[in-house]
Amino acid sequence: MKVKATTEKDRKVRPGAKNSSTQKPIFEAANTIVRILPERTGPFELIAQSRSGMSHAEVRQLASLLELTIRELAILLSMNERTMARRLVSGSLNKVESERLLLLKALAAHGLRVFEDQGKFNRWLRRPLEILESQSPLQLLDTATGFQVVDQILGRIEYGVYS
């Protein structure tokens, strides 16, 4: 997966360029902003990324960003903890696991755009919501339908619809 890193110099608005301040950073480290997913990623690019498999470094980066434990991440990727730990040490994810990770990255990007603060989004993920029958959004992310439901709720929040 291509990860775009920008520096302070790159974030300045150039004449005729779109204002880059509308694209919120997802992960900051050592004065460098790393975007997990670009604002516009086509479906065929996502398919290619999932087929090639995600590296353990990308898994660790996302887990750190969302403050996920190995156990939580293993549940989200539909594997047991031991397999997850082994994959984090030695290998990459398979196609299905990579696709789930890409869905999680897209959701993280959407959540950051909505909440404009990673900590607030991370807390929201763990908060039980009445609209989700007193489950937290994180509990629903073990299924594809759960990803859709959580993404729809983020959209409602983004547009000011009571949720």
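Which residues in H5 meet which residues in H8? I took this as my starting point and looked up the contact, defined as heavy atoms within 4.5 Å. Arg100, Leu103, Leu104, Leu107, His110, Gly111, Val114 and Phe115 in H5 meet Phe147, Val150, Asp151, Leu154, Gly155, Ile157 and Glu158 in H8.

**Entry 1. The model**

I note that this is a predicted model, in which local features need pLDDT of at least 70, side-chain atom pairs count only at pLDDT 80 or more, and totals for chains, interfaces and linings use all residues. Residues are numbered from 1 along each chain as its sequence is written, and side-chain values use heavy atoms, with hydrogens and water left out.

**Entry 2. The chain as a whole**

I looked up the secondary structure and found eight helices and three strands in the protein chain. Helices (H or I, at least four residues) and strands (E, at least two) are DSSP runs, numbered from the N terminus. Along the sequence the pattern reads β-β-β-α-α-α-α-α-α-α-α. Of the 163 residues, 37% count as buried; buried means under 20% relative accessible area, exposed over 50%, and partly exposed in between, with a 1.4 Å probe and protein chains only. Among contacts with a separation of 6 or more, 61% come from residues 24 or more positions apart.

**Entry 3. H5 against H8**

I returned to H5 (residues 95–115) and helix H8 (residues 144–158). Their axes lie 10 Å apart and pack at an angle of about 15°. Axes are lines fitted to C-alpha atoms, for helices over the stretch in contact, and angles run from 0 to 180 degrees between N-to-C directions. The crossing of H5 and H8 is left-handed: the near helix is turned anticlockwise from the far one by less than a right angle, whereas clockwise would be right-handed. By class, I recorded nine nonpolar, three polar and three charged residues in the contact of H5 with H8. In this scheme Ala, Val, Leu, Ile, Met, Phe, Trp, Tyr, Cys and Pro count as nonpolar, Asp, Glu, Lys and Arg as charged, and the others, Gly among them, as polar.

**Entry 4. Leu104 in H5**

I then examined Leu104, which has its place in helix H5. Leu104 counts as buried because its relative accessible area is 2%. Not counting residues up to four places away in sequence, Leu104 touches Leu62, Leu66, Leu68, Leu73, Leu76, Leu141 and Phe147. I also looked up Ala63, which is 41 residues from Leu104 in sequence and 9.9 Å from Leu104 in space, C-alpha to C-alpha.

**Entry 5. H5 against H6**

The axes of H5 and helix H6 (residues 118–126) come within 8 Å and cross at roughly 115°. This crossing is right-handed. The contact involves Leu107, Ala108, Gly111, Leu112 and Phe115 of H5, together with Gln118, Lys120, Phe121 and Trp124 of H6. By class, I recorded six nonpolar, two polar and one charged residues there.

**Entry 6. Aromatic rings**

Which residues form the aromatic cluster? I found Phe115, Phe121 and Trp124 in one cluster. Rings of Phe, Tyr and Trp (its six-membered ring) pair if their centres lie within 6.5 Å; planes under 30 degrees apart count as stacked, over 60 as edge-to-face and the rest as tilted. By this rule I noted three aromatic pairs. Phe115 and Phe121 form a tilted pair, 6.0 Å centre to centre with 40° between the planes. Phe121 and Trp124 form a stacked pair, at 6.1 Å and 25°. These two residues are three apart in helix H6, so about one helical turn separates them. Phe121 is buried at 1% relative accessibility, and Trp124 is buried at 4%.

**Entry 7. Two loop residues with positive phi**

Glu67 is not a glycine, yet I found a positive phi of about 55°. Glu67 sits in the loop between helix H2 (56–66) and helix H3 (70–76) and counts as exposed at 54% relative accessibility. For Glu116, phi is near 60°, again a positive value in a residue other than glycine. Glu116 lies in the loop between H5 and H6 and counts as exposed at 57%.

**Entry 8. Ser50**

Is Ser50 buried or exposed? I found Ser50 buried, with a relative accessible area of 6%. Ser50 belongs to helix H1 (residues 43–52) and touches Asn94, Lys95, Ser98, Glu99 and Leu102, not counting residues up to four places away in sequence.
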